[in-house]
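Please look over the structure below before reading on. The briefing starts with the whole chain and then turns to its parts.

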Amino acid sequence: MGAAESDRALEQRLRELVTINELIKTLTSTLELSEILRIVLDRIKVLTHAEALSLLLYDGQRDELVFAATETLRENAIAGLRVPAGQGVASWVARTGCSALVNDVQSDPRFYGGIDRKSRFATHSLLAVPIERDGRVIAVIEVANRYGGDKFTDADLRKLEHLADGLRDTVDAESLSHDANAMRQLLATVASTVPSEASSLLLYDPKGNELVFTASRTLQAGVIDGMRLRCDQGIAGWVARHRQAVRLDDATKDPRYYAGIETQTHFTPRSMLCVPMLSKDTLLGVIQVINKIDGTSFTEDELRLAQSLADHAAIAIENASLYRQAFIASITDDLTGLSNTRHFNHMLPELLERGGQVSLLVLDLDNFKAIVDTYGHLVGSRTISYLGKVIAHLIRPGDVAARFGGDEFVIILPSTDVATARSIAETIRDAVEACSVLEGNGVDISTVTASVGVATFPDHASTAEDLFRAADAAMYSIKRRGKNAVAVAGGGTRTGH
């Protein structure tokens, strides 16, 4: 190994050590799982220069892997989009024949944000250079967001200009626009020349008035987040099952390859690293790194590095999971699985502060004391647990149901008006009344019904405390008049059957 190669290897190793050190420090600063996943993905991107990254978490109950954080290269997602005449940095480049380097697009008056809105991509920085032929600009190469989050440099601009100069006598705009393979190869060359999150080739439309995105490569986050993979599917499934790391030069030729993900992403893997995330011999997930931007294969050193990052990620994910379990336990009522009073007292003021209508139901069980007097406290507890589950099945995503103590429940209904809240209260009252036999032991609980008070912010109260008082007063108005009904604060009562 020559001195230059030795220096480069040393520089690379130092960069790896710095990145791992930064990862460890950053991961220990948060217990939020979503933030941990984002940090891990970002550090892997910096070190591997990959076209696609996936962090999959293991769901032990279903024996499946879930794509939890992903960045996937999408080809031609914005092909056909037009840049309005006279707008955008690329249009300026085409008009002047000059290159552009912009590291803060929001402060540059030439920047046109319409493409970002249509493509759901956030441009922060970009380079754009012209391709000229016979003294006129025939196309523009544009790259956005330097890979790894760094700023574009003058050296990057010179490299891209050198590439464009080399295309001056070989690129024909008309033939290029009909040659998908040639455009794909051109953008692959652009990506390896100046690594970035997006690269595009813009050609003039036939009338020569507007630039059109003719080919594009964009690294987009979350494209397949939430997708599931059985642990007998694909290379990631094999790695999860066998808990062994894999490095492949061409994943599609491997017998373990599963094409289902490619169908969703329209992205073909070649070189791949796939490593398990293990903590104390417990599988937490898998990390996949696919296709180096420069087209070369991943090395054994990069596999070792990916496994090291996965090991640190596993520790952070386990800590976050333990924290979340402890947090959930601290806000959950042991008997019903609903929220507890502490969580209710925290959530109600917070939801009111966000603005908009918020309704509150206060529910008290009727005739519950008779069940306890007849069958004892154990059956009483089981009755509370059973009816808590009935309530849990009836609330909507985003609603907060809590056991307030004894046989009383509270239900927060965000973004809900009085009429809708009353309807939900009636549904819950009906469901409680319909429960005739206690699940598991056949005890008759048909005498147990529900009195429900309804109050809505800001219609009936302006603070969390006053909203609870209003709903509670409505509930007690029912208790005084016969039970098993719904009443709205300051309004009428609807009785049960």
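This is a predicted model: local features need pLDDT of at least 70, side-chain atom pairs count only at pLDDT 80 or more; totals for chains, interfaces and linings use all residues.

Residues are numbered from 1 along each chain as its sequence is written, and side-chain values use heavy atoms, with hydrogens and water left out.

**Whole chain**

- The protein chain has 15 helices and 18 strands; these are DSSP runs numbered from the N terminus, with helices being H or I of at least four residues and strands E of at least two.
- Of its 497 residues, 50% count as buried (under 20% relative accessible area with a 1.4 Å probe, protein chains only; exposed means over 50%, and partly exposed lies in between).
- Among contacts (heavy atoms within 4.5 Å) between residues at least 6 apart in sequence, 65% join residues at least 24 apart.
- The accessible surface comes to about 23800 Å², and 50% of that belongs to carbon and sulfur atoms (Shrake-Rupley method, 1.4 Å probe; for residues, only the protein chains shown count as cover).

**Nonpolar cores**

- The largest nonpolar core has 54 residues, of which Leu-55, Leu-65, Ile-235, Met-277, Ile-287, Val-289 and Ile-317 touch the most other members; such a core is a set of buried Ala, Val, Leu, Ile, Met, Phe, Trp, Tyr and Cys residues joined through side-chain atoms within 4.5 Å.
- Elements that each supply at least two residues of this core include α2 (33-48), β1 (50-59), β2 (64-75) and α10 (300-330).
- The most comes from α10, which gives 10 residues.
- Ile-317 touches Leu-33, Ile-36, Leu-37, Leu-55, Leu-57, Met-277 and Leu-284, leaving aside residues up to four places away in sequence.
- Another core lies apart from this one and has 33 residues, among them Tyr-386, Val-443, Ile-445 and Val-488.

**Helix α3**

- Val-89, Ala-90, Ser-91, Val-93 and Ala-94 are buried in α3 (residues 89-96).
- The cover over these residues includes β3 (82-83), β4 (100-102) and β5 (126-133).
- Gly-97 follows α3 and has a positive phi, near 75°.

**Helix α12**

- In α12 (residues 368-375), the residues Phe-368, Ile-371 and Val-372 are buried.
- They lie on the same side of α12 because they cover an arc of only 95° around the axis (taken from the directions from the helix axis to the C-beta atoms).
- The buried residues of α12 pack against β13 (358-366) and α13 (377-394).
- On the face turned away from the buried side, Lys-369, Asp-373 and Thr-374 are exposed.
- Just after α12, Gly-376 has a positive phi of about 100°.
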